[in-house]
Amino acid sequence: MKPRDPAAVEALFNAVAPRYDRLNDLLSLGLHRQWKRQLLSWLSPQSPERWLDLCCGTGDLALALARKLRPEGSVLGLDAAAAPLLLAAERAGREPWLPVQWIQADALETGLPDQDFDGVVMAYGLRNLADPLLGFQEMARLLKPGGRAAVLDFNRLPQGSAAAAFQRTYLRRVVVPVAAGMGLADQYAYLETSVEQFLTGEEQEREAVAAGFTAAQHRPLVGGQMGVLLLIR
């Protein structure tokens, strides 16, 4: 798979959707849930705010947001791939009181109104966008003045560092073999290349400011293996 190819990314997530949540739990030892809780703790979403989850996948983060925004707030989960959205809707159906809706659309051209949201989140989606700068610009367009946003993703580490060596070894010897055991070796083999081509934390900060955010701070997680970019519109 070629990283940042929209059609390939959509096909990938349609293919992995039925096993995506299980793989996330296995590959992170369940820690991805803690990283998402940390992201929400930093953002402090509150009712009656309206939030958007871009590249929402099967809905983990959108549902966590919705639980915090009850009773008067709301969440819109958006993804380009249909299969993950169907699973997200099924999960939301088990908690029908949650204020969450789902829409299939391109994260770079959502078609949503300007300044319609108090907050925007994106978990493991920026790295797969065809143009991250356009992604930041769309996020900024959708946010009200003073709105908050956060992006959670792998952290691109300095080449030759021990942390980068660990990340590369983990992707090659853990992630791909585990995915292969579920028949998804080809789908997950692209991860290493996508991380190598991803923006560093400092580059993310600069592009976000260039896109219209007034403040941007990248915070490392898990010894720098992951990172959260915190933004203010």
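1. Contact, as used in this note, means heavy atoms within 4.5 Å. The model is predicted: local features need pLDDT of at least 70, side-chain atom pairs count only at pLDDT 80 or more, and totals for chains, interfaces and linings use all residues. Residues are numbered from 1 along each chain as its sequence is written, and side-chain values use heavy atoms, with hydrogens and water left out.

2. Helices here are DSSP runs (H or I, at least four residues), numbered from the N terminus. Leu23, Leu26, Leu27 and Ser28 of α1 meet Tyr170, Val174, Val175, Val178 and Ala179 of α6. Helices α1 (residues 6-28) and α6 (residues 162-181) pack at an angle of about 145°, their axes lying 10 Å apart; axes are lines fitted to C-alpha atoms over the stretch in contact, and angles run from 0 to 180 degrees between N-to-C directions.

3. Helix α2 covers residues 31-43. Its buried residues (under 20% relative accessible area, 1.4 Å probe, protein chains only) are His32, Trp35, Lys36, Leu39, Leu40 and Leu43. Seen down the axis of α2, these fall within an arc of 135°, so they line one face of the helix; the arc is that of the directions from the helix axis to the C-beta atoms. Just after α2, serine 44 has a positive phi of about 55°.

4. Aspartate 60 belongs to helix α3 (residues 60-69) and is buried, at a relative accessible area of 12%. Leaving out residues up to four places away in sequence, aspartate 60 touches Asp21, His32, Arg33, Lys36 and Arg91.

Key. Helices (H or I, at least four residues) and strands (E, at least two) are DSSP runs, numbered from the N terminus. Buried means under 20% relative accessible area, exposed over 50%, partly exposed in between (1.4 Å probe, protein chains only). The expected span of a helix is 1.5 Å times one less than its number of residues.
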